[in-house]
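The sequence and the structure are shown first.

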Amino acid sequence: IRSGQVAAIDLGATSGRVMVADIGPGRLELEQVARFANDPVQIWDGRRTALHWDLPGLYNSACAGLAEAGRQCDNLVGVGVDSWAVDYAMLREGRLLGLPHHYRDERTAVGVDAVHEQLSPVDLYLRNGLQFLPFTTIYQLAAEKASGLLDVADSALLIPDLIGYWLTGERGTERTNASTTGLLRTDGRWDTAMLEQLGLPADLFPDIVETGSTLGPLLPAVAEHLGLSPATTVTSVASHDTAAAVAAIPMDPESAAYISCGTWGLVGVELPAPVVSRAGWKANFTNEVGADGRIRFLHNVMGLWLLSETLRQYERDGYRADLAELLAQAAEVTTPFDVFDTDDQTFLAPGDMPARIRSWYDERGLRPPETRAETVRVIVESLAAAFADGVRQAAELSDTPVQRVHMVGGGSQNRLLCQLTADRLGLPVLAGPVEATALGNVLISARAHGLIEGDLQAMRTLVAAQFPPHVFHPRTSRTMAGDAVLAST
Ligand code: LFR
């Protein structure tokens, strides 16, 4: 076993980063070399302003980060790319056909109706095992039919696969991210019969490539442009950011649940095989594929999006919002409020979040939060409630005796959120690492390059040693099954 460095391009819905890990046997050091905003663009499409990702801009920033990584490293052997799921770019003869749509763009409603006309939601669940999210690739493609673009495109690539293609010239559909499209059967193969039934092309996405396989070396021109060795290779890591994060959670999946909390809060357990049941469908639990063929049985909670979109509104209102300050004020709020339903689809689109939250309460004749501190408090309190529900449901539906909950990602730095989640569950919440996604990315890359060896648990042991979690003990003695609401201090 050698030692060396690998770089991770980790694209999140609000920001992207390039991280470098210096890895050898029993050694794992992670450093950020670049961080850049991911600002979606609203572009007039002839009928309306549509929401898109600025992929060329993100690629440019990622490349600048890679060049910087190359300058800082003495032996940069590889690169891995991960991002949010479901979105894709279309190509013809290798060229990009327009900017990919953002999953929060409103166009997918048409696609949902079109798909459900052919296949009932429960039938679809029994085929692909995925929770209903209105923006899953299958619905986006169905909506795309009207645009005519599908007649022109000869291939489509998921976001990390597109970056990988631009870096290497090689195309594939990485397994973990493919599992979020809704286009695979629960056995992991493309559901060509369903695609035909929906009138969608069956061969739009390239063949599945397994997590951890080599995509290829950098294109010579790319290597030269970035000042990197042409021997640097791109690994198809767990390219779905949540799959990467879960791979790096220092947990024992037999007795722990997890919350991967960034823009979204992904709440669930890791299982050896999918659980596809009517109860799972009702609870809207998904079976996405993780590293090493594990199953991420989880539910999407709206996540820190509620908070970041609220802060954006305060800034638009001319108030210089400081998250740490607002959270400190929120922790002091003593007025009891009902929690709101964070899953309500009204919160999905960008826009005035505090107003939408107020309306949610008004429409139900409930007392709405008035001040900024109260608004932040109900958001955090409602997220904690949704997390606790998600953990209980995941445990019950999968028969996992959950004894502790791991919180990773940006949410693990939110002490109020961690504490309230622990309180609501009556279970300890182990917070960190904050950079779980980048860690999962580099660990899978490093293993592919022979810098480390072992299974998922060996990788998790390495993370646990390097990034010991911060434990939030519940301030109640309630058991996990208890559903009383805690009036927290
Ligand atoms: C988290 C995430 C979720 C996915 C959502 C949309 O960043 O990847 O797992 O459901 O974004 O792609």
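## Overall dimensions

Along the principal axes, the C-alpha atoms occupy a box of roughly 60 × 55 × 50 Å.

The protein contains 18 helices and 20 strands. Of its 489 residues, 51% are buried. Among contacts between residues at least 6 apart in sequence, 75% join residues at least 24 apart.

## Confidence of the model

The structure is a predicted model. Its mean pLDDT is 96, and 97% of the residues reach 70 or more. The scores for the model are ipTM 0.99 and pTM 0.96.

Where pLDDT is low, the predicted coordinates should not be read in detail.

## Nonpolar core

The largest nonpolar core has 143 residues. Those with the most contacts inside it are Ala 7, Val 18, Ala 247, Ala 248, Val 391, Val 405 and Val 442. Helix α15 (residues 372-398) gives the most to this core, contributing 13 residues. In soluble globular proteins, nonpolar side chains tend to be buried together.

Ala 247 illustrates the packing around one of these residues. Beyond four places in sequence, Ala 247 touches Ala 238, Gly 290, Ala 291, Gly 440, Leu 443, Ile 444, Leu 456 and Met 459.

## An enclosed helix

Helix α4 (residues 137-144) is largely enclosed by the rest of the structure, because eight of its eight residues are buried. They are Thr 137, Ile 138, Tyr 139, Gln 140, Leu 141, Ala 142, Ala 143 and Glu 144. The buried residues of α4 pack against strand β7 (88-92) and against helices α2 (108-118) and α5 (149-152).

## Ligand surroundings

The ligand has 13 residues around it, of which Trp 84, Ala 85, Val 86, Thr 242 and Trp 264 come nearest. By class, this shell comprises seven nonpolar, five polar and one charged residues.

Val 86 also has a backbone feature of note. It lies in the loop between β6 (76-83) and β7, and it has a positive phi of about 60 degrees although it is not a glycine. With 20 other C-beta atoms within 10 Å, Val 86 is buried, since the threshold for a buried residue is 20 or more.

## Further backbone features

Asn 284 is another residue that has a positive phi of about 60 degrees without being a glycine. Its place is in the loop between α11 (278-282) and β16 (286-289). Asn 284 counts as partly exposed because it has 16 C-beta neighbours inside 10 Å.

A cis peptide bond joins Gly 432 and Pro 433, with omega about 5 degrees. Pro 433 belongs to the loop between β19 (429-431) and α17 (436-448).

## Exposed and partly exposed positions

Thr 192 is located in helix α8 (residues 192-197). With 14 other C-beta atoms within 10 Å, Thr 192 is partly exposed. Its C-alpha atom is separated by 5.5 Å from that of Ala 202, 10 residues apart along the chain. Asp 207 lies in the loop between α8 and β11 (208-209), and is exposed, with 10 other C-beta atoms within 10 Å. Leaving aside neighbours within four places in sequence, Asp 207 is in contact with Gly 172 and Thr 173. The C-alpha atoms of Asp 207 and Trp 190, 17 residues apart along the chain, are separated by 9.0 Å.

Asp 322 is found in the loop between α12 (305-316) and α13 (323-331). This residue has 12 C-beta neighbours inside 10 Å and therefore counts as exposed, the limit for that class being 12 or fewer. Between the C-alpha atoms of Asp 322 and Leu 311, 11 residues apart along the chain, the separation is 8.1 Å.

Conventions: Residues are numbered from 1 along each chain as its sequence is written. This is a predicted model: local features need pLDDT of at least 70, side-chain atom pairs count only at pLDDT 80 or more; totals for chains, interfaces and linings use all residues. pLDDT is the predictor's confidence in each residue, from 0 to 100. A residue is near a molecule or strand if its C-beta atom, placed from the backbone, lies within 6 Å of it. Ala, Val, Leu, Ile, Met, Phe, Trp, Tyr, Cys and Pro count as nonpolar, Asp, Glu, Lys and Arg as charged, and the others, Gly among them, as polar. A nonpolar core is a set of buried Ala, Val, Leu, Ile, Met, Phe, Trp, Tyr and Cys residues joined through C-beta atoms within 7 Å. Helices (H or I, at least four residues) and strands (E, at least two) are DSSP runs, numbered from the N terminus. Two residues are in contact if their C-beta atoms, placed from the backbone, lie within 7 Å.
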